[in-house]
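These are my notebook entries on one structure. I wrote them in the order in which I looked things up.

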Amino acid sequence: AVSLADGGSETILLVEDHDDLRTYSSGVLRELGYQVLEAPNGRVALDLLQSHHDVALLFTDVVLPGGLNGRELAEEARRRRPGLKVLFTTGYSRNAIVHNGRLDVDVSLIGKPFTFHELALRVRRRLDD
């Protein structure tokens, strides 16, 4: 069972282009107590980051539409907000991504589909790092 100890009150910027999955993930995070900002792509995410100074974690899909992938988004977000925590998600296997040079090896990545419990633990662990 997930206890609220696995949750928190920080603000999370969730970037996911699939509406159903974005709705699911934001629902899980809100149930855990987090504030959630939602974006369907990197451009919207950067606008939200610009206007919300309390974002503690960027939780983004690696593969995004609109010319800015998750990694590029993370780099730009960290350039604007040094120290911002990032958690990536993807439906691809970790090896497929890392071997194509798209992500650094030390990157925090949660595979899709993920459970409520996995998401709760990974987000909390990333925030506490």
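**Entry 1: a cis proline**

I began with Pro113 and found its place in the loop between strand 5 and helix 5, where helices (H or I, at least four residues) and strands (E, at least two) are DSSP runs numbered from the N terminus. The peptide bond that joins Lys112 and Pro113 is cis, with omega about -5 degrees.

I note here that this is a predicted model, in which local features need pLDDT of at least 70 and side-chain atom pairs count only at pLDDT 80 or more, while totals for chains, interfaces and linings use all residues. Residues are numbered from 1 along each chain as its sequence is written, and side-chain values use heavy atoms, with hydrogens and water left out.

**Entry 2: the chain as a whole**

I then listed the elements of the protein chain, which has five helices and five strands; read along the sequence, they follow the pattern β-α-β-α-β-α-β-α-β-α. Of the 129 residues, 47% count as buried, where buried means under 20% relative accessible area, exposed over 50% and partly exposed in between, with a 1.4 Å probe and protein chains only.

**Entry 3: strand pairing**

I looked up which strands pair, taking two strands as paired if DSSP finds at least two bridges between them. Strand 1 (residues 11–15) pairs with strand 2 (residues 35–39) in the parallel sense, over five bridges, and Ile12 stands opposite Val36 of strand 2. Between these two strands the chain passes through helix 1 (residues 19–31), and this β-α-β crossover is right-handed, meaning that with the strands pointing away from the viewer the path from the first strand over the helix to the second runs clockwise.

Strand 3 and strand 4 are also paired in the parallel sense over five bridges, with Leu57 opposite Lys85 in strand 4. Here the chain crosses from strand 3 through helix 3 to strand 4, and this β-α-β crossover is right-handed. Strand 4 runs parallel to strand 5 as well, joined to it by three bridges, and the bridge partner of Phe88 in strand 5 is Leu109.

How many of the six residues of strand 4 are buried? I found that six of the six residues of strand 4 (residues 85–90) are buried, so this strand is largely enclosed by the rest of the structure. Lys85, Leu87 and Thr89 point one way from the strand, and Val86, Phe88 and Thr90 point the other way. In a regular strand the side chains alternate between the two faces of the sheet.

**Entry 4: salt bridges**

A search of the whole structure gave 11 salt bridges, each being a side-chain nitrogen of Lys or Arg within 4 Å of a carboxyl oxygen of Asp or Glu.

I returned to Lys112, which forms a salt bridge with Glu16, the closest N and O atoms being 3.0 Å apart. Lys112 lies in the loop between strand 5 (109–111) and helix 5 (116–128) and Glu16 in the loop between strand 1 and helix 1, so the pair ties together parts that are 96 residues apart in sequence. Lys112 counts as partly exposed at 21% relative accessibility, whereas Glu16 counts as buried at 2%.

A salt bridge also joins Glu38 and Arg22, with the closest N and O atoms 3.4 Å apart. This pair links distant parts of the chain, Glu38 being in strand 2 and Arg22 in helix 1, 16 residues apart. Glu38 is partly exposed, with a relative accessible area of 31%, and Arg22 counts as buried at 13% relative accessibility.

In helix 3 (residues 70–80), Arg79 and Glu76 lie three residues apart, about one turn of the helix, and their side chains meet in a salt bridge (2.7 Å, N to O). Arg79 counts as exposed, at 60% relative accessibility.

Lastly I searched the whole structure for cavities and found one of 30 Å³ or more, a cavity being, on a 1 Å grid over the protein atoms alone, a set of points where a 1.4 Å probe fits but cannot get out, with lining residues having an atom within 4 Å of a point. The largest cavity holds about 30 Å³ of space, the volume being the space filled by probe spheres set on the grid points, which are joined across faces, edges and corners. Its lining includes Glu16, Thr89 and Phe114, and strand 1, helix 1 and strand 3 (55–61) each supply at least two residues of it.

Definitions and conventions
On a 1 Å grid over the protein atoms alone, a cavity is a set of points where a 1.4 Å probe fits but cannot get out, and a pocket is an open set with protein on both sides within 12 Å along at least five of seven lines; lining residues have an atom within 4 Å of a point.
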